[in-house]
Amino acid sequence: MITQWSVLSLLRQLTDIGEGEEKVCLGIALNSLERVNSRLKADADRDDVRIAQAAAGLAYYALCVRRAGNSDGVESFKAVKKGADSSLKFAASVRDAALAELTPLLSDDGFFCCGVEI
């Protein structure tokens with residue numbers, strides 16, 4: 001069974017996590033796993049490693065955004081974006097690649113098609 005601890009373990013492979021950050025990272029891992037689980041098809045295998053990888057990708061991006069926001073002297077998000085641009089781009093690419101691998105397990109509830117008669 002995939003838990004927030006599984007996601008945290010994968011997150012540790014992407015970045016160093018200090019003792020002071022572990023509690024925050026565990027919360028981010030749980031939130032990311034819940035987000036992924038909420039989008040899965042009903043018949044998806046809940047033990048598929050791609051679920052943990054996608055949750056870790058989301059958690060890594062969220063952690064990078066959080067770390068960039070906690071930088072000294074930052075007064076706006078625009079300043080954070082410019083200062084941490086390369087790390088955020090890398091985190092976004094990790095997140096996007098993990099989510100792309102998960103695509104076959106996701107439910108497709110975002111498409112709507114209808115006809116209009118005039």
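Q: Which helix of this predicted model holds Arg95?
A: The model is a predicted one. Helix 5 covers residues 85-102, and Arg95 falls in that range. The element asked for is helix 5.

Q: Is Arg95 buried or exposed?
A: A residue counts as buried when its relative accessible area is under 20%. Arg95 has a relative accessibility of 19% and therefore falls in that class. Arg95 is buried.

Q: Which residues is Arg95 in contact with, leaving aside its neighbours within four places in sequence?
A: Contact here requires heavy atoms within 4.5 Å. With the neighbours within four places in sequence set aside, the partners of Arg95 are Gly57, Leu58 and Tyr61.

Q: In what order do the elements of the protein run from the N terminus on?
A: The protein contains zero strands and five helices. Read from the N terminus, the order is α-α-α-α-α.

Q: How far apart are the end C-alpha atoms of helix 2?
A: Helix 2 takes in residues 22-38, which is 17 residues.

Q: What arc do the buried residues of helix 2 cover around the axis?
A: The buried residues of helix 2 are Cys25, Leu26, Ile28, Ala29, Ser32, Leu33 and Val36. They lie on the same side of helix 2, because the arc they cover around the axis is only 160°. In general, an α-helix has 3.6 residues a turn, so residues three or four places apart point the same way. The arc asked for is 160°.

Q: Which residues are exposed on the other side of helix 2?
A: Exposed means over 50% relative accessible area. On the other side of helix 2, the exposed residues are Lys23 and Ser38.

Q: How many disulfides does the structure hold?
A: For Cys64, the closest cysteine sulfur is in Cys25, too far for a bond at 10.0 Å. The count of disulfides in the structure is zero.

Q: What share of the residues in the protein is buried?
A: The protein has 118 residues. Its accessible surface comes to about 7,900 Å², with 53% belonging to carbon and sulfur atoms. The buried share of the residues is 33%.

Note on methods
Residues numbered from 1 in each chain as written. Predicted model: local features only at pLDDT ≥ 70, side-chain atom pairs only at ≥ 80, totals over all residues. Heavy atoms only, no water. Helix = DSSP H or I, 4+ residues; strand = E, 2+ residues; numbered from the N terminus. Expected span 1.5 Å × (residues − 1). Buried < 20%, exposed > 50% of the residue type's maximum accessible area, 1.4 Å probe, protein only. Arc of directions from axis to C-beta. Areas by Shrake-Rupley, 256 points an atom, 1.4 Å probe, with all protein chains shown as cover. Disulfide = S-S within 2.5 Å.
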